[in-house]
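I opened this model to look up two things.

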Protein chains: 2
Amino acid sequence: MLDMILLGYLADGPRSGYDLKLLLETDSAHFWHAHHSQIYTTLRRLERRGLIRSRKQAARGLQERRVYTLAAAGRDALETWRDLPLLAAAPPKDTALARIFFAGSQPARDLLPELRRLRSARRDRLTELKRRPSIPAPSDPDDLRPLTRAYARAVEALTIRWLDELIARLESTGARLESTGARRGQTKTKPRPTATRPKRAGQGRS
Amino acid sequence: MLDMILLGYLADGPRSGYDLKLLLETDSAHFWHAHHSQIYTTLRRLERRGLIRSRKQAARGLQERRVYTLAAAGRDALETWRDLPLLAAAPPKDTALARIFFAGSQPARDLLPELRRLRSARRDRLTELKRRPSIPAPSDPDDLRPLTRAYARAVEALTIRWLDELIARLESTGARLESTGARRGQTKTKPRPTATRPKRAGQGRS
DNA sequence: TCGGACATGTAAGATGTTACATGATTCG
DNA sequence: CGAATCATGTAACATCTTACATGTCCGA
């Protein structure tokens with residue numbers, strides 16, 4: 001897949017490895033991620049296979065960079081990929097959800113502060129998605145790229161709402177766990193835990 | 001991560017590799033995926049490292065199976081994982097979205113049928129998520145597992161809605177490409193000549 | 001002159017995919 | 001009897017992560 005993403009961007013015009021790294025971090029962060037090490041090695045591999053070509057470019061006042069262009073074989077590969085069935089869609093892998101899924105039980109487990117941090121990170125992601133305009137591409141006449149960003153924004157908003165509900169729920173059912181640790185078993189819901197605004201969770205035991 | 005998911009399920013009780021494979025395919029398909037080959041090799045690795053133990057179990061009338069149980073070291077590893085910060089959340093990787101992102105431009109590109117197939121697959125996924133009740137786990141007193149499924153359902157619903165809009169949009173702006181070409185196109189600033197339309201685009205009705 | 005952005009790489013190891021392989025039991 | 005489901009594996013390969021490594025240029 002990374003191959004195709006790199007070829008996809010190179011179809012817009014010549015790009016350096018660094019350019020592509022920045023594009024992945026910004027323009028397409030909502031559907032893919034790669035470390036720079038992987039980007040550079042993948043570019044070299046694509047070049048060895050003749051899908052792209054590179055030349056060194058020493059711009060005045062700038063460090064030397066290696067600029068890649070799409071070769072004919074690369075354009076063909078991209079075409080082939082685009083003709084592939086769109087199905088067999090990405091099996092989702094969400095480590096944060098996995099953590100929540102298996103967070104259960106622990107008596108004094110401090111899941112809540114973690115969830116709040118997660119929510120805040122997701123809010124940042126949403127702001128970032130809203131702030132940065134899509135980079136317009138001539139090869140995207142139907143505005144598919146901005147539309148995928150709109151989708152990503154909607155997913156972020158949904159995620160934040162879900163986290164809100166989850167946090168509210170845990171606050172009401174588990175507030176006492178944060179004050180008195182070390183108790184396990186049937187902890188039934190106390191009628192009045194605290195106000196809707198809980199104090200910050202400190203570690204009571206030493 | 002797969003390590004932790006397997007340990008997480010083994011914390012509920014003894015399970016065979018096959019059990020875990022089924023759990024991944026059903027119970028946790030909404031946040032993770034693994035092939036059986038990876039599951040079996042990972043279990044062997046976890047056993048070599050002393051995190052889990054296994055014994056062969058030849059049930060009458062059934063093929064022999066190898067049943068794993070969580071060892072003390074495994075329980076510790078799970079605890080450590082649960083204490084890790086929840087952040088640095090899964091960098092999203094969505095191949096379908098990548099395909100749509102880079103689908104642009106091609107004059108007679110048949111994206112629409114593919115999108116319809118994708119939507120239908122997502123609808124199946126949603127039905128599946130609704131149909132199958134969450135497997136109740138004693139180690140999940142706060143119902144976090146069903147709640148992550150509820151989240152996954154909401155994401156599916158959102159995805160389907162987005163695909164609906166996208167399809168509608170492409171139908172209206174690109175209808176003339178599929179029909180006889182008589183319709184005037186509006187909206188886009190793209191002066192598209194209706195010239196280079198190939199007759200058939202792949203669906204082999206003879 | 002120091003830190004941050006620019007810019008590019010290598011290497012080891014972990015993780016994940018695809019293909020190959022085997023064999024039992026159950027149901028129609 | 002054949003297909004589906006149960007059940008477990010190996011091997012080759014591709015992909016991805018983490019750490020190490022090296023420099024330049026620009027502004028404060």
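I started with the domains: chain A splits into domain 1 (1-89) and domain 2 (91-185), with bounds from an automatic or database domain assignment. I noted that this is a predicted model, where local features need pLDDT of at least 70, side-chain atom pairs count only at pLDDT 80 or more, and totals for chains, interfaces and linings use all residues. Residues are numbered from 1 along each chain as its sequence is written, and side-chain values use heavy atoms, without hydrogens and water.

Next I looked at the domain contact. About 720 Å² is buried between domain 1 of chain A and domain 2 of chain A (accessible area, 1.4 Å probe, that two parts lose on being put together, summed over both). Of the area that domain 1 of chain A buries there, A:Asp12, A:Asp27 and A:His30 supply 64%. I then checked for salt bridges (side-chain nitrogen of Lys or Arg within 4 Å of a carboxyl oxygen of Asp or Glu). The interface has 1. A:Asp12 and A:Arg145 form a salt bridge at 3.0 Å, N to O.

I turned to DNA strand C. It has 22 residues around it, counted when a heavy atom lies within 4 Å. Among the nearest are A:Arg44 and B:Gln38.

A:Arg66 places a backbone N or O atom 2.6 Å from a phosphate oxygen.

Notes: Chains lettered and ligands numbered in written order. Polar contact = N/O pair within 3.5 Å; in protein donor to acceptor, adjacent residues only side chain to side chain.
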